[in-house]
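Hi everyone, thanks for making time this morning. I'd like to walk you through one structure, so let me put it up on the screen.

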Amino acid sequence: MTATPESAAKHPPQLAILPIIISGGSGSRLWPLSRKAFPKPFVALPDGSSLMAKTLARVADLPGVRDLLFVTNRDHYFLTRDAFADCASAPNLAAHYLLEPQGRNTAPAMVAAALWAQGQERLANISLLFLSADHLISDHAAFAAAVDQASALAQQGFLVTFGVQPTRPETGFGYIELGAALGMGHRVARFLEKPQREQAQAMLAQGGFLWNSGMFCMTAGTLLREVEQHAPAVLHAVLAAMESAQSNGDTTELHACFDAAPDISIDYALMERSQQAAVVSADFDWSDVGAWGAYGKLIPEDGQGNQLHCNSQVLIDSQRCMVHSPDRLTAMIGVEDLLVVDTPDALLIAHRDRDQEVKAVVQQLKSTGHSSVDLHVTAHRPWGTYTVLEEGERFKIKRIVVKPGQKLSLQMHHHRSEHWIVVSGAARIVNGEQEILILTDQSTYIPMGTAHRLENPGVIDLVMIEVQSGAYLGEDDIVRFSDIYGRSPERTDS
């Protein structure tokens with residue numbers, strides 16, 4: 001049904017919604033902290049929390065919400081589940097997971113979510129609230145009020161986006177020009193891509209423009225009907241992937257044919273083309289923490305305008321610098337306006353005004369196949385983490401942490417042997433035909449070509465040191481025989 005401004009204005013606010021959290025990007029402008037295998041939503045902020053955790057807390061505070069849908073991929077599935085499990089309000093929500101074989105941008109992701117919702121009788125007609133996993137909003141009450149307004153418009157057949165009041169001539173965001181009033185919001189007159197600074201200054205001075213936040217609210221029926229009209233290729237590809245999807249409990253895994261869907265954002269595919277686009281003004285603080293400048297704003301300044309992530313830095317005669325170096329002492333003398341980000345395997349130094357260009361560094365590293373684009377020294381796995389401590393010719397040393405009750409796949413290696421030493425906790429180990437239990441300060445040896453498995457049967461983390469030795473020590477030297485996490489044999493993670 002197409003709404004009129006009058007009907008929208010008379011429609012009473014309601015909050016019957018399904019929050020849908022989309023998490024798929026890598027946040028390359030926050031490299032080297034954010035990487036493909038551990039992207040921006042899961043990175044710790046200065047206060048120790050993550051953007052995903054804050055998003056979950058914000059959703060949990062919305063009244064009347066009972067279900068929550070995540071749209072992500074298998075690589076980030078277990079990170080997402082862990083984040084949800086750590087959410088204090090998780091017992092009040094039923095989480096569902098829709099897994100993409102490969103990210104195809106927001107339009108296919110949103111269409112897949114709408115098709116999934118239509119298949120759930122109790123969720124088929126309520127408003128769908130699409131949120132990014134990496135937005136920062138601290139005023140939960142104002143957020144809930146804006147969602148209430150957007151849901152009312154969504155129930156009248158509008159495709160609603162949330163516009164943020166601009167506070168500066170930002171060139172890193174898209175803009176929305178306000179059209180006719182709808183009572184709860186406005187029609188969208190037009191969308192504008194990231195402008196040049198002069199144009200951004202002019203729009204700020206003129207008024208009537210909002211930042212495009214990338215959050216949306218609409219019903220599944222409206223979304224699918226409008227997509228069928230304006231982007232049918234997206235709808236048909238996602239329909240095929242949903243028809244052959246595999247469901248297991250709270251998880252639905254889209255078929256590999258999802259990769260055939262056009263790689264296109266919802267803005268290009270639908271919002272800029274539809275006559276039903278509306279915008280609600282988001283009267284709350286908002287940040288996508290899209291670059292290091294935004295991250296720095298979360299850190300208080302010292303007397304010289306410096307923002308220091310922790311106390312392991314010494315700055316002398318230095319002003320307006322942002323330093324993230326939690327693991328190593330960083331000393332700076334007589335410098336100004338620098339961005340310094342230090343991680344165990346990568347160091348970024350840039351002028352603070354050029355933080356948006358970090359993405360170019362990532363693109364150059366990607367073109368050379370550099371591992372720092374995808375992986376940290378510490379890699380996260382469904383069962384825990386491993387950290388490469390040192391490696392050289394024919395050896396690699398790792399610190400392995402296995403969470404209570406978790407176990408690695410039953411596997412073997414063609415080119416390396418392994419020596420395991422338990423530092424704390426207990427390890428149940430399959431070593432060929434043997435099953436043994438080793439405790440703190442004990443060790444075992446896994447010969448090359450021997451099937452083995454590591455399990456933590458205890459209630460505390462199992463911490464151990466692994467020493468690999470062999471002619472080839474790549475992570476792809478693995479033959480997997482069985483795995484409790486459903487990972488296929490050809491995958492090359494442990």
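Let me start with a question: is Arg 354 buried, partly exposed or exposed? Arg 354 is partly exposed, because its relative accessible area is 48%, and the classes here are buried under 20%, exposed over 50% and partly exposed in between, with a 1.4 Å probe and protein chains only. Those areas come from the Shrake-Rupley method with that 1.4 Å probe, and for residues only the protein chains shown count as cover.

Before I go on, a word on the model: it is predicted, local features need pLDDT of at least 70, side-chain atom pairs count only at pLDDT 80 or more, and totals for chains, interfaces and linings use all residues. Residues are numbered from 1 along each chain as its sequence is written, and side-chain values use heavy atoms, leaving out hydrogens and water.

Back to Arg 354, which forms a salt bridge with Glu 357, the closest N and O atoms being 2.8 Å apart. A salt bridge here is a side-chain nitrogen of Lys or Arg within 4 Å of a carboxyl oxygen of Asp or Glu. Glu 357 is partly exposed as well, at 40% relative accessibility.

How many salt bridges does a search of the whole structure find? The search returns 18. One of them joins the side chains of Asp 82 and Lys 403, at 2.8 Å from N to O. That pair links distant parts of the chain, 321 residues apart: Asp 82 sits in helix H3 (residues 74-86), and Lys 403 in the loop between strand S20 (395-402) and strand S21 (410-412). Helices and strands are DSSP runs numbered from the N terminus, with at least four residues of H or I for a helix and at least two of E for a strand. Asp 82 is partly exposed at 31%, and Lys 403 is too, at 23%.

Then there is Lys 398 with Glu 475, whose side chains meet at 2.9 Å, N to O. Lys 398 counts as buried because its relative accessible area is 2%. We also have a network of salt bridges linking Arg 320, Glu 336 and Asp 337.

Strand S16 (residues 338-343) runs antiparallel to S17 over 6 bridges, with Leu 339 partnered by Ala 350.

Elsewhere, strand S23 (residues 427-431) pairs with S26, antiparallel over 4 bridges, and Ile 429 has Leu 454 as its bridge partner. Strand S26 (residues 452-455) is covered on both faces: His 452 and Leu 454 are buried on one side, Arg 453 and Glu 455 on the other.

Last stop, the surface. Val 314, Ile 316, Leu 329 and Ile 333 form a nonpolar patch with about 410 Å² of accessible area together. Patches take residues with over 30% relative accessible area and no salt bridge, joining like charges within 9 Å and nonpolar side chains (Val, Leu, Ile, Met, Phe, Trp, Tyr) within 5 Å. Ile 316, from strand S13 (residues 313-316), is partly exposed at 46%.

Key: Two strands pair if DSSP finds at least two bridges between them.
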